[in-house]
Amino acid sequence: MMEIKAVEKPDERRDFPHGHLEAVHLTGLDFAVATFEPGWRWSESVGPIAGTGSCQVHHNGYVLQGRMRIRMDDGAEGEVGPGDVFVCPPGHDAWVVGDEPTVVFDFAGGMAQEYAKATD
């Protein structure tokens, strides 16, 4: 069965401080478009919602615009920007670099399913 959905008509939207996520759910694929505004930092904007010390979601991402710095719990750091494809395992913090919003497409499924949802 073929499925087609438009990201302009997401199945759900989750708002959090300095950003939001729009998710499209298909059979076998959960796709997220996340927009992070200047001033967004995972540990401050999403961490209190997730209830964990660092992001525990695996990301397979593509950066459409803006720049983001990622710091792994082990201290390793990297920066992603427009056109970059990246894989980031659980256990990290991240923040917007500069004064332009960062837009990330996430194909992992975990972001569309779990990201920025309150824990029970």
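Residues are classed as buried under 20% relative accessible area, exposed over 50%, and partly exposed in between (1.4 Å probe, protein chains only). The model is predicted: local features need pLDDT of at least 70, side-chain atom pairs count only at pLDDT 80 or more, and totals for chains, interfaces and linings use all residues. Numbering starts from 1 along each chain as its sequence is written, and side-chain values use heavy atoms, without hydrogens and water.

Strands are DSSP runs of at least two residues (E), numbered from the N terminus. Two strands are taken to pair if DSSP finds at least two bridges between them. An open sheet is formed by 3 strands in the order E6-E5-E8, with antiparallel pairing. From one strand to the next, the twist averages 20°, where axes are lines fitted to C-alpha atoms and angles run from 0 to 180 degrees between N-to-C directions.

Strand E5 (residues 67-72) is joined to E8 by 6 bridges in the antiparallel sense. Within this pairing, Arg67 has Val97 of E8 as its bridge partner. Strand E8 (residues 92-97) has 5 of its 6 residues buried, so the rest of the structure largely encloses it.

Strand E4 (residues 59-65) pairs with strand E7 (residues 85-88) over 4 bridges, in the antiparallel sense. Here Asn60 stands opposite Val87 in E7. E4 also pairs with strand E9 (residues 102-106), again antiparallel and over 4 bridges. In this case Gly61 faces Asp106 in E9.

The structure contains 5 aromatic pairs. Rings of Phe, Tyr and Trp (its six-membered ring) pair if their centres lie within 6.5 Å; planes under 30 degrees apart count as stacked, over 60 as edge-to-face and the rest as tilted. Phe31 and Phe105 form a tilted pair, 5.6 Å centre to centre with 55° between the planes. Phe31 belongs to strand E3 (residues 29-36) and Phe105 to strand E9, so the pair ties together parts 74 residues apart in sequence. Phe31 is buried, at 10% relative accessibility. Phe105 is partly exposed, at 22%. Tyr62 and Phe105 are also tilted, at 6.1 Å centre to centre and 35° between the planes. This pair links strand E4 with strand E9, its residues being 43 apart. Tyr62 is partly exposed, with a relative accessible area of 29%. Phe31, Tyr62, Phe105 and Phe107 make up one aromatic cluster.
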